[in-house]
Amino acid sequence: MTALAAVLMFCLATTAKAGQFDYDAAMAKVTSEIYSKKYIEAFNTIKEIGKNATKSNNIYGKYLFYSSTAKLYNEQGDYVQAEMKYRKAIDIANNNTTDIDVAGAYHDLARCLDKQTRRNEAVDVLMKGLENTKSETSRAQLSILLGKLLFWEKRYDDFRTYFKQAEPYFNKEISSDNSAYLKAIIYL
């Protein structure tokens, strides 16, 4: 994304919906900035999300504030801070509303825990995440990561159970690459 496109997206975010802040557009901008390694710009956009969420007491905005802050910390390698922010985002979403699908936060938290070599905790997080998912795509994404973690933890019986649950999503919600990966390790 070019700098002009990012600025235009942010301007649209603040003026969309009759003067209301567009959290989704701002989050898209943050994600682009993080993956482009423009951390200062991402930090400023995250601050804007937090400021607007606090001002309007918007639960969705607060959830996005914490989850985007966690993504920034995670990208920079501060997994402890990232873990705390992911947990805060999940708590906000689970305690205040049922409209937010927090599967992405569960997925990212589990990956963060895995990077800290805390796979057992990551497995528990994913199992809890599967209980709180709102869509089949989310369920598929969590199932695939759970299957991989269970395999790496040498919990083969549990892996086979979740493999069977993930199988209907192969080449649909789960990409063909991940489907092939799971099919290959089931036969090891």
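T54 sits out in the open: in this predicted model, T54 is exposed, with a relative accessible area of 58%. The residue belongs to helix 3. Its C-alpha atom is separated by 9.8 Å from that of F65, which is 11 residues away along the chain.

The axes of helix 3 and helix 4 come within 8 Å and cross at roughly 160°. Sorted by class, the contact of helix 3 with helix 4 comes out as 9 nonpolar, 6 polar and 2 charged residues.

Between these two helices there is a loop, and N57 is found in it. Phi of N57 is near 50°, a positive value, and the residue is not a glycine. Most residues other than glycine have a negative phi. With 52% relative accessibility, N57 counts as exposed.

Helix 4 itself spans residues 59-76. I59 lies in this helix and is partly exposed, at a relative accessible area of 24%. S67 is also placed in helix 4, but S67 is buried, because its relative accessible area is 7% and the cut-off for burial is under 20%. What does S67 touch, leaving aside residues up to four places away in sequence? The partners are M27, Y86 and A89. A89 comes up again with I59: the two are 30 residues apart in sequence, and 9.8 Å apart in space, C-alpha to C-alpha.

Further along, helix 6 (residues 103-115) and helix 7 (residues 119-131) pack at an angle of about 170°, and their axes are 8 Å apart. That angle makes helix 6 roughly antiparallel to helix 7. Helix 6 puts Y106, H107, L109, A110, L113 and D114 into the contact, while helix 7 supplies R119, E121, A122, V125, L126, K128 and G129. The residues of this contact divide into 7 nonpolar, 2 polar and 4 charged. Among the charged ones are D114 of helix 6 and R119, E121 and K128 of helix 7.

The loop between helix 6 and helix 7 holds T117. T117 is another non-glycine residue with a positive phi, here about 55°. T117 counts as exposed, with 70% relative accessibility.

Next comes the pairing of helix 8 (residues 136-152) with helix 9 (residues 156-166), whose axes come within 8 Å and cross at roughly 160°. Helix 8 and helix 9 are therefore roughly antiparallel to each other, and their crossing is left-handed. From helix 8 the contact draws on S143, L146, G147, L150 and F151; from helix 9 it draws on Y156, D158, F159, Y162 and A166. By class, these residues fall into 7 nonpolar, 2 polar and 1 charged.

Stepping back to the whole chain, the protein has 10 helices and 0 strands. Read along the sequence, that gives the pattern α-α-α-α-α-α-α-α-α-α. Of the 188 residues, 42% count as buried, S67 being one of the buried residues. The accessible surface comes to about 10100 Å², and 51% of that belongs to carbon and sulfur atoms. As for reach along the sequence, take the contacts between residues at least 6 apart: 52% of them join residues at least 24 apart.

Technical notes: Residues numbered from 1 in each chain as written. Predicted model: local features only at pLDDT ≥ 70, side-chain atom pairs only at ≥ 80, totals over all residues. Heavy atoms only, no water. Axes fitted to C-alpha atoms, helices over the stretch in contact; angles between N-to-C directions. Helix = DSSP H or I, 4+ residues; strand = E, 2+ residues; numbered from the N terminus. Parallel < 35°, antiparallel > 145°, perpendicular 65-115°, else oblique. Left-handed = near helix turned anticlockwise from the far one by under 90°. Contact = heavy atoms within 4.5 Å. Buried < 20%, exposed > 50% of the residue type's maximum accessible area, 1.4 Å probe, protein only. Areas by Shrake-Rupley, 256 points an atom, 1.4 Å probe, with all protein chains shown as cover.
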